[in-house]
Amino acid sequence: MGTSIVIAPGVGEKYWLVGDHITLKVGPAETGGAYSVGVTWVAPGGGPPPHLHHREDEMFYVIEGKVQFMQEGRAFVAGPGAAVFLKRGISHAFKNVGDTPIRFVLVAMPSGFESFVAKCGTAIDRIPCDLQVDGPAIQKLLAVVPEFGIELVRDSGPVV
């Protein structure tokens, strides 16, 4: 594990992941594999399909916007300053339900999610980027998720 570091605003590897824009900030090299941290930007209406992680817990800290979370059929909205902890093995999803982009800090414990983002996503140089969700992006997602212990699940609750 390295020494303490400061990561400036806008610095970090940037990826587009089937509509989400993620800047990786801290990973296993800095944390000894304990956790990884990224900042995620999602356009209005965006967010992943219901899924679950078999390997990591996730903690979201909302910076701006309104995020609707779904966890095992229960839906709730979180705004700026809210923290949401999602335990591994539990079906969940999130969606930007506002009229403006959302931003949140995502902490995945232990590390590993950053490797999924790098393999499944597309490296970009700016956020937001012009990429659009299409068939090849979805096929890539479907091919890669099993390798990282992520499972797409049938919708188990409202995410409007």
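The model is predicted, so local features need pLDDT of at least 70 and side-chain atom pairs count only at pLDDT 80 or more, while totals for chains, interfaces and linings use all residues. Residues are numbered from 1 along each chain as its sequence is written, and side-chain values use heavy atoms, with hydrogens and water left out.

**Pockets**

Pockets are found on a 1 Å grid over the protein atoms alone: each is an open set of points where a 1.4 Å probe fits, with protein on both sides within 12 Å along at least five of seven lines. Lining residues have an atom within 4 Å of a point. Grid points are joined across faces, edges and corners, and a volume is the space filled by probe spheres set on the points.

The largest pocket holds about 320 Å³ of space. It has 22 lining residues, and Leu17, Asp20, Pro48, His51 and Phe113 are the closest to its centre. Elements are DSSP runs, numbered from the N terminus: helices are H or I with at least four residues, strands are E with at least two. Those that each supply at least two residues of this lining include β2 (20-26), β5 (57-64), β10 (102-109) and α2 (113-120). The lining splits into 15 nonpolar, five polar and two charged residues. Here Ala, Val, Leu, Ile, Met, Phe, Trp, Tyr, Cys and Pro count as nonpolar, Asp, Glu, Lys and Arg as charged, and the others, Gly among them, as polar.

The second largest pocket holds about 190 Å³. Its lining includes Glu13, Lys25, Gly27, Glu30 and Glu114. By type, the lining has four nonpolar, one polar and four charged residues.

**Backbone**

Most residues other than glycine have a negative phi, and most peptide bonds are trans.

Proline 110 sits in the loop between β10 and α2. Proline 128 is in the loop between β11 (122-124) and α3. Its C-alpha lies 9.6 Å from that of glycine 19, although the two are 109 residues apart in sequence.

Valine 18 belongs to the loop between β1 (13-17) and β2. Glutamate 72 falls in the loop between β6 (67-71) and β7 (74-78).

Buried means under 20% relative accessible area, exposed over 50%, and partly exposed in between, with a 1.4 Å probe and protein chains only. Proline 128 counts as partly exposed because its relative accessibility is 40%. Valine 18, at 21%, is also partly exposed. Glutamate 72 counts as exposed, at 54%.

**Surface patch**

Val133, Ile138, Leu142 and Leu152 form a nonpolar surface patch, with about 300 Å² of accessible area together. Patch residues have over 30% relative accessible area and no salt bridge; like charges are joined within 9 Å, and nonpolar side chains (Val, Leu, Ile, Met, Phe, Trp, Tyr) within 5 Å. A salt bridge is a side-chain nitrogen of Lys or Arg within 4 Å of a carboxyl oxygen of Asp or Glu. Areas come from the Shrake-Rupley method with a 1.4 Å probe; for residues, only the protein chains shown count as cover.

Isoleucine 138 lies in helix α3 (residues 135-144). Its relative accessible area is 36%, so isoleucine 138 is partly exposed.
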